[in-house]
Amino acid sequence: MKKQLMVITVILLIGISGWLLYDNKSAEKTNGNTNGNTKGVQPGFEESSNTISFGLLDENDKVVNNGSILEPKENKLEYTFSLSNFIEVERDYALIVLDNFKQIPFTVQGKQYNVYPFNAKANKTVEFKTSISVKKDTSEIDYLVIKKPNYFTEKLDIPKMHSLQEILPLRFQVKNNSQKQKTATFTPEEMFNEGPNDTIFISKQKEELTILPTERSGEDIYISVGNINEEKENYNIIALSNWKQVPFDNNELVGNVLVNPGERKVFKFKLPFVKANSNFQVIALPRPYEVSEKDYESTRAEGSMRAVIKP
């Protein structure tokens with residue numbers, strides 16, 4: 001599957017779309033600039049097309065290819081982020097940014113955020129200017145968009161959970177003179193070579209992949225990293241609580257996992273303590289530091305199903 005543009009377009013499944021069309025969430029104030037555009041950043045995706053298209057625009061309003069190499073100017077990356085919400089309901093989103101897979105603050109419209117929430121009206125486009133300060137050793141920058149960040153799936157509802165587990169990623173190399181970064185290699189507690197498998201999954205048992213809608217803070221769960229493909233796959237994984245990065249049990253913020261075909265590696269994880277209900281999700285980013293616009297797989301991000309951490 002080839003992606004010429006950096007734009008990622010999500011075509012919603014009929015079942016998921018049915019849920020979205022009946023979403024009665026009240027309107028909220030838009031943080032970004034919602035304009036009257038009826039065409040997305042990717043040609044062919046227009047108003048009422050039941051799609052979401054998003055990407056970065058440079059200073060000349062030209063689309064930046066996903067997976068391409070970004071060149072900082074005075075140690076900054078400054079682009080306009082554009083998202084076309086061409087579905088029939090308005091929706092809340094949140095943007096986070098990773099520098100070498102670690103969450104960093106960034107600036108939107110001159111104000112600094114770790115998590116930037118924004119609202120998109122039905123069949124409208126939201127655009128806002130972003131600025132990221134990069135370091136000399138920055139090799140990869142990732143923009144991750146979260147759908148409905150404040151929605152909690154406390155009950156087992158497969159269509160909703162499948163829709164919300166999807167992460168909308170934009171991944172780029174950053175031009176610098178430093179060597180490729182190294183990430184701590186995680187040692188699994190157990191490995192399985194048969195039975196159910198998934199790229200990234202959280203469950204209460206390590207032997208089974210059982211969906212975990214809710215769990216109490218401080219409890220132990222298991223993170224599974226699997227490979228359903230025919231070749232070895234390399235992932236960097238991160239964990240987010242309330243859309244803020246949290247460390248794994250070895251105090252590392254990022255873990256590298258190499259998985260053979262048909263293999264599933266399992267890691268124990270203690271949920272962070274929270275004072276209020278918090279969304280929890282683990283994200284696997286394949287082929288770290290090898291992102292390329294010619295390799296679609298290297299521009300992906302796979303999310304586990306969300307779990308709600310309760311105090």
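View 1. E233 counts as buried, because its relative accessibility is 4% (buried means under 20% relative accessible area, exposed over 50%, and partly exposed in between, with a 1.4 Å probe and protein chains only). R287, at 23% relative accessibility, counts as partly exposed. The two side chains meet in a salt bridge, 3.2 Å from N to O (a side-chain nitrogen of Lys or Arg within 4 Å of a carboxyl oxygen of Asp or Glu). The pair links distant parts of the chain, 54 residues apart: E233 is in strand β18 (residues 233-241) and R287 in the loop between β22 (278-286) and β23 (302-303). Strands (E, at least two residues) are DSSP runs, numbered from the N terminus.

The model is predicted: local features need pLDDT of at least 70, side-chain atom pairs count only at pLDDT 80 or more, and totals for chains, interfaces and linings use all residues. Residues are numbered from 1 along each chain as its sequence is written, and side-chain values use heavy atoms, with hydrogens and water left out.

**View 2. The salt bridge between E140 and R171.** N and O are 2.9 Å apart in this salt bridge. E140 belongs to strand β12 and R171 to strand β13 (residues 167-174), so the pair ties together parts 31 residues apart in sequence. Both residues, E140 and R171, are buried.

**View 3. The salt bridge between K135 and D99.** The closest N and O atoms of K135 and D99 are 3.3 Å apart. K135 lies in the loop between β11 (124-133) and β12 (140-147), and D99 in strand β6 (residues 91-99), so the pair ties together parts 36 residues apart in sequence. K135 is partly exposed, at 46% relative accessibility, whereas D99 is buried, at 3%. The whole structure has 18 salt bridges.

How values were computed
Helices (H or I, at least four residues) and strands (E, at least two) are DSSP runs, numbered from the N terminus.
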